[in-house]
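Have the viewer open and try each task before you read its solution.

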Amino acid sequence: MWHLYQFPLCPFSRKVRLLLSEKGMVYELCRENPWQHREAFLALNPAGRTPVLHDPERGLTLADSRAICEYLEETSDTHPMINGTAATRAEIRRLVALFDENLYGDVTAPMLHERMTKRIVRRAAPDSQVLREVIRLAHEHLYYIDYLLDHRPWLAGTTMSLADLAASAQLSVADYLGGIDWAGHEQAHAWYSVFKSRPSFGPLLAERMEGIQPPVHYADVNA
Ligand SMILES: N[C@@H](CCC(=O)N[C@@H](CS)C(=O)NCC(=O)O)C(=O)O
């Protein structure tokens, strides 16, 4: 069976978890705090980052969420998430890169730093100026998601794809940490609400990072 090394607020692990669940694949969660630089974990992934997907029986180790998702797509026939014409597949990959890099860099990573790393690792208070700027940048990303959804039912086209999983994984972590103000983003909010109701999303919404409580709306599928 696959073992997924992750911690509850890692957005890249969330993307892999959503993909595994949407494909109906069974896996076991292994808690890993990458900031602890555990030797056995570094042996699996010298980059020291989550997620890592490991199959002990086959001695197979996959690291980096995009490499993992591509592997799962190539080796599983169920519920393809990088699908359609070559142009559609290129659009899916463009958006996955945009959400993994820009949405993460502008919003999720600074939120994680201010609200998780500072609290758990450094025992310092968040910087309110940084938090305000992150919420402003989150609005910019949500405007772009609104724009995409004005033109298509799903982010990359007519069907749900890895682009939707990548965006919702980042937004769910930012939302947990109080970085998302959904007001004025009807399209993005309606799309995200559909996601919150999917069976693949339920376990993510139910999980908590110790010492950090999400806002009340976070796990409410009607909010
Ligand atoms: N490009 C990588 C990014 C993974 C990543 O940045 N993971 C973070 C946790 S969300 C991490 O492990 N950071 C620890 C570190 O960079 O030392 C992926 O897609 O898997």
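**Exercise 1. Sort the lining of the largest pocket by class, then find which helices supply it.**

Solution. Start with the classes: the lining of the largest pocket holds 13 nonpolar, seven polar and four charged residues. Here Ala, Val, Leu, Ile, Met, Phe, Trp, Tyr, Cys and Pro count as nonpolar, Asp, Glu, Lys and Arg as charged, and the others, Gly among them, as polar. A pocket is an open set of points on a 1 Å grid over the protein atoms alone, where a 1.4 Å probe fits, with protein on both sides within 12 Å along at least five of seven lines; lining residues have an atom within 4 Å of a point.

A word on the model: it is predicted, so local features need pLDDT of at least 70 and side-chain atom pairs pLDDT 80 or more, while totals for chains, interfaces and linings use all residues. Residues are numbered from 1 along each chain as its sequence is written, and side-chain values use heavy atoms, without hydrogens and water.

Next, the helices: α1 (11-22), α3 (65-75) and α4 (86-122) each give at least two lining residues, and α4 gives the most, with eight. Helices are DSSP runs (H or I, at least four residues) and strands likewise (E, at least two), numbered from the N terminus.

Finally, look to the centre: of the 24 lining residues, Phe-12, Pro-34, Arg-49, Thr-50 and Tyr-104 lie nearest to it.

**Exercise 2. Is the peptide bond from Thr-50 to Pro-51 cis or trans?**

Solution. Check omega: it is near 5 degrees, and the bond is cis. Then place Pro-51: it lies in the loop between α2 (39-44) and β3 (52-55).
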